[in-house]
Amino acid sequence: MAQSVPPGDIQTQPGTKIVFNAPYDDKHTYHIKVINSSARRIGYGIKTTNMKRVGVDPPCGVLDPKEAVLLAVSCDAFAFGQEDTNNDRITVEWTNTPDGAAKQFRREWFQGDGMVRRKNLPIEYNP
């Protein structure tokens, strides 16, 4: 059963944070790459701490070993300096897919007793 093996590593490009630059009166889109560097197929899901300001497309999916996906992270227009942006971040969660599962994302993979790993990418807003 794949669930008993902890999920391997992923890589993200950029690796440590996402930076959006002013002005913030229009929507910005930034691309990040998620690479499955493990030897197993994984399911991934992306969460954001501020759903109304930051969106990710596609928000979830399945990656084969060594496969990569380009995600569009968008930041909607907002009143910079008038809203709290200190804790904005994106969290990538991933887990091994069950053996023999179709290459179709399923939320249940994250709700069972299999191990889920997380990587946080803080969002920085340059004035």
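Which order do the strands of the open sheet of 4 strands have? Select β1, β3, β7 and β5: the order is β1-β3-β7-β5, with antiparallel pairing. Strands here are DSSP runs (E, at least two residues), numbered from the N terminus, and two of them pair if DSSP finds at least two bridges between them.

Before going on, a word on what you have loaded: this is a predicted model, where local features need pLDDT of at least 70, side-chain atom pairs count only at pLDDT 80 or more, and totals for chains, interfaces and linings use all residues. Residues are numbered from 1 along each chain as its sequence is written, and side-chain values use heavy atoms, with hydrogens and water left out.

Now colour the edge strands, β1 (10-13) and β5 (54-57), each of which pairs on one side only. Look along the sheet and you'll find a twist that averages 25° from one strand to the next; the axes are lines fitted to C-alpha atoms, and angles run from 0 to 180 degrees between N-to-C directions.

Click Gly-55 and you'll see Ser-74 of β7 opposite.

Next stop, β4 (residues 42-48). Because 6 of its 7 residues are buried, β4 is largely enclosed by the rest of the structure; buried means under 20% relative accessible area (1.4 Å probe, protein chains only).

Finish on Ile-46, whose bridge partner in β8 is Val-92.

Conventions
Buried means under 20% relative accessible area, exposed over 50%, partly exposed in between (1.4 Å probe, protein chains only).
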